[in-house]
Amino acid sequence: MKPYRIAAIPGDGIGQEVIAAGIAVLDALAERAGGFRFAFDRFDWGSDYYKAHGVMMPADGLAQIKDHDAIFFGAVGAPDVPDHITLWGLRLAICQPFDQYANVRPTRILPGITSPLRHVTGPELDWVIVRENSEGEYAGVGGRVHQGHDNEVATDVSMMTRSGVTRIIRYAFELARSRPRKRLTVVTKSNAQRHAMVMWDEIAAEVARDFPDVTWDKMLVDAMTMRMTMKPQSLDTIVATNLHADILSDLAAALAGSLGIAPTANINPERRFPSMFEPIHGSAFDIAGKGIANPVGTFWTACQMLEHLGEKPAADRLMRAVERVTADPALHTPDLGGTATTQAVTDAVIAAIRGDN
Ligand code: ATP
Ligand code: MG
């Protein structure tokens, strides 16, 4: 039987709890589906590792995970380690060298979950946000001089390349084409940012010629926040820069009911390197160790991982089980207004998988 080798990196805070839940669910799913199984290798990298070793992961860390079929990632961040160290030292230290340039974030209102938008019900909000994940505002280009003095200067340079923009827009058009509505919205800020953002608009128009079957339009990011809240049904696939999509996808997660249910996939489409699957949320130290973290975002990203591995029927089976569980308010964790524990939700999803025909 084919084993998928998965590098599990639970990381910090509730990352530990949700990845444990995700592994239990994936093992139950493989048992139910037959035909494949998982071999998880666990890597204890993160803030505790940093406190012991001065780095977030070992120097040969990438070599240890580069031949795995996928990476299943929890969260990083701790109250007593600066955020730029945890982020750049682990998450981006994997995303960037593995060229996971497409960050894919589906958003839907799952059964039983209410949107804070009173006028919006399930079928009206069904999006997938594609975030450029390798350059742009988070390219790490910039610097500080005269630190601490009155004449201090600091810059963050947003760096966009024609090849980088073309490949993410092409990826987004392909994804839009694969969805029933075949609709793409390209988000920029090309009125105020008159160099790279204008290039985005130009490249979008060029790439669009190869996709005559996809309906597409352009939006400025500020107007986009309004459209997401006022006319969610007018959107389907969305592509935006690293920074813009970071912000829009937190908004999207909140509109779908909770950050705790939102998934994300960091994809290397060419499959030269493993792709990485994680919930959108962070380490959430305010609730860590209490056993109440919502594991649904992790289960949903496990579906993304299964699809990436070519196990679409198993992905569908897992999503059905998750939706059966979210439909029951008694199985909502506190972030959704309920009292259920991580364990109770996990057990219920496993039971739903076992009972699924
Ligand atoms: P990061 O900097 O890593 O993005 P953050 O400080 O922005 O982290 P998150 O961990 O993303 O914070 O979460 C913000 C808040 O949302 C948390 O404090 C927590 O209360 C809530 N939250 C996030 N994820 C979950 C979850 N899975 N289940 C329940 N509540 C959650
Ligand atoms: Mg955050």
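1. A crossing of two helices is left-handed if the near helix is turned anticlockwise from the far one by less than a right angle, and right-handed if clockwise. The crossing of H7 and H8 is right-handed; helices (H or I, at least four residues) are DSSP runs, numbered from the N terminus.

2. This is a predicted model, in which local features need pLDDT of at least 70 and side-chain atom pairs count only at pLDDT 80 or more, while totals for chains, interfaces and linings use all residues. Residues are numbered from 1 along each chain as its sequence is written, with chains lettered from A and ligands numbered from 1 in the order in which they are written.

3. H7 covers residues 221-230 and H8 residues 242-255; they pack at about 15°, with axes 11 Å apart. Axes are lines fitted to C-alpha atoms over the stretch in contact, and angles run from 0 to 180 degrees between N-to-C directions. Because angles under 35 degrees count as roughly parallel, H7 and H8 are roughly parallel to each other.

4. On H7 the contact involves Val221, Met224, Thr225, Met228 and Thr229, and on H8 His244, Leu248, Leu251, Ala252 and Leu255. Contact requires C-beta atoms, placed from the backbone, within 7 Å. Seven of these residues are nonpolar, three polar and none charged; Ala, Val, Leu, Ile, Met, Phe, Trp, Tyr, Cys and Pro count as nonpolar, Asp, Glu, Lys and Arg as charged, and the others, Gly among them, as polar.

5. Ligand 1 is surrounded by 17 residues (C-beta atom, placed from the backbone, within 6 Å). The closest are Gly260, His281, Gly282, Ala284 and Asn294. The shell divides into six nonpolar, eight polar and three charged residues.

Conventions: Helices (H or I, at least four residues) and strands (E, at least two) are DSSP runs, numbered from the N terminus. Angles under 35 degrees count as roughly parallel, over 145 as roughly antiparallel, 65 to 115 as roughly perpendicular and the rest as oblique. Two residues are in contact if their C-beta atoms, placed from the backbone, lie within 7 Å.
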